[in-house]
Amino acid sequence: MKKFFSFLILAFVTSAIALAQNNSEHMTFKGVPIDGTLNEFVDKMKQARFTYIGTHDGIAVLQGDFAGHKGCTIGVYTLKSSNKVNTIAVMFPPQKDWSSLESTYVSLKSMLTEKYGEPSECVEMFHDALQPDRDFEKFHKLKYKECTWDTTFRTSKGDIQLSIWSQQSDCFVLIKYFDKINTDAVKAQAMDDL
């Protein structure tokens, strides 16, 4: 009986350790954990064949190929309080028409669904009651932020958000990877500061 209880305790401790290790894993981007300092992460991205462009306002900018698309811009964001990387944003090359943007978005959504399962949230709509029919009308609505095209995938390691986005005169598809551990840390820090 003593051996049985010892076995149960050992099994419980082993399971708890395995669970803790799984929960402490960071989300990855190109196989690299979204963690560490900005310089450490940038160095790993350089090894993954991304070109470092520079750092502005604490955001490192790189360029490279991602998900079969050439010339993507990668933004690496950190927790301001600790210089720990917590978010990666991938901006795909700007497009000049709605159909190209939607095609890229649909293709990436399919790839992400295959990797992470069905999305947790999906909003794909034009804000007007009058729905645009033509490509140029849809593109116009996007440029003036009169539509929302967002899909979110929630995982145990963090969230992935896919969007069609407009900023100034550029329209592009954007993917953001949010590491759960480091994003939760910034939320906890904000609560402590209150």
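**A walk through the model**

K180 and D184 both belong to helix α5 (residues 180-193), and because they are 4 residues apart there, about one helical turn separates them. Their side chains meet in a salt bridge, with 2.8 Å from N to O. K180 counts as partly exposed at 38% relative accessibility, and D184 is also partly exposed, with a relative accessible area of 33%. Side chains of opposite charge can pair when their charged atoms come close. The model shown here is a predicted one.

The chain as a whole gives the setting for this pair. The protein chain has 5 helices and 10 strands. Of its 194 residues, 31% are buried. The chain exposes about 12,000 Å², and carbon and sulfur atoms supply 55% of that area. Among contacts with a separation of 6 or more, 50% are made by residues 24 or more positions apart.

How many salt bridges are there? The count comes to 9 salt bridges. One of them joins the side chains of D35 and K84, at 3.0 Å from N to O. D35 lies in the loop between β2 (32-33) and α2 (38-47), while K84 is in strand β6, so this pair ties together parts that are 49 residues apart in sequence. Both ends are partly exposed: D35 has a relative accessible area of 21%, and K84 has one of 32%.

Another salt bridge links D159 with R154, and here the closest N and O atoms are 2.5 Å apart. D159 is partly exposed, with a relative accessible area of 23%, and R154 counts as partly exposed at 43%.

The largest pocket has a volume of about 490 Å³. Which residues are the closest to its centre? Of the 20 residues that line this pocket, they are Y77, M91, Q167, F172 and L174. The strands β4 (59-66), β5 (69-79), β6 (84-91), β9 (158-167) and β10 (170-179) each supply at least two residues of the lining. By class, the lining of the largest pocket divides into 10 nonpolar, 7 polar and 3 charged residues.

L174, one of the residues closest to the centre of the largest pocket, can be looked at by itself. Its place is in strand β10. Is L174 buried or exposed? At 11% relative accessibility, L174 counts as buried. Leaving aside neighbours within four places in sequence, L174 is in contact with A89, V90, M91, Q161, L162, S163 and W165. The C-alpha atoms of L174 and P93 are separated by 9.4 Å, although the two residues are 81 residues apart along the chain.

The second largest pocket holds about 180 Å³ of space. Its lining includes T28, F29, K30, F66, A67 and L108, and also M111, L112, K115, Y116, I175 and Y177. The elements that give two or more residues to this lining are β1 (28-29), α3 (98-116) and β10. Which element gives the largest share of the lining of the second largest pocket? That share, 5 residues, comes from α3. The lining of the second largest pocket has 9 nonpolar, 1 polar and 2 charged residues.

Most residues other than glycine have a negative phi, and most peptide bonds are trans. K30 has a phi near 55°, a positive value in a residue other than glycine. The residue sits in the loop between β1 and β2, and K30 counts as partly exposed at 44% relative accessibility. For A67, phi is near 55° and is likewise a positive value in a residue other than glycine. A67 is found in the loop between β4 and β5, and this residue is partly exposed, with a relative accessible area of 29%.

Conventions: Residues numbered from 1 in each chain as written. Predicted model: local features only at pLDDT ≥ 70, side-chain atom pairs only at ≥ 80, totals over all residues. Heavy atoms only, no water. 1 Å grid on protein atoms, 1.4 Å probe; cavity = no way out; pocket = protein on both sides within 12 Å on 5 of 7 lines; lining within 4 Å. Points joined across faces, edges and corners; volume = space filled by probe spheres on them. Nonpolar A, V, L, I, M, F, W, Y, C, P; charged D, E, K, R; others polar. Buried < 20%, exposed > 50% of the residue type's maximum accessible area, 1.4 Å probe, protein only. Contact = heavy atoms within 4.5 Å. Areas by Shrake-Rupley, 256 points an atom, 1.4 Å probe, with all protein chains shown as cover. Salt bridge = Lys/Arg side-chain N within 4 Å of Asp/Glu carboxyl O.
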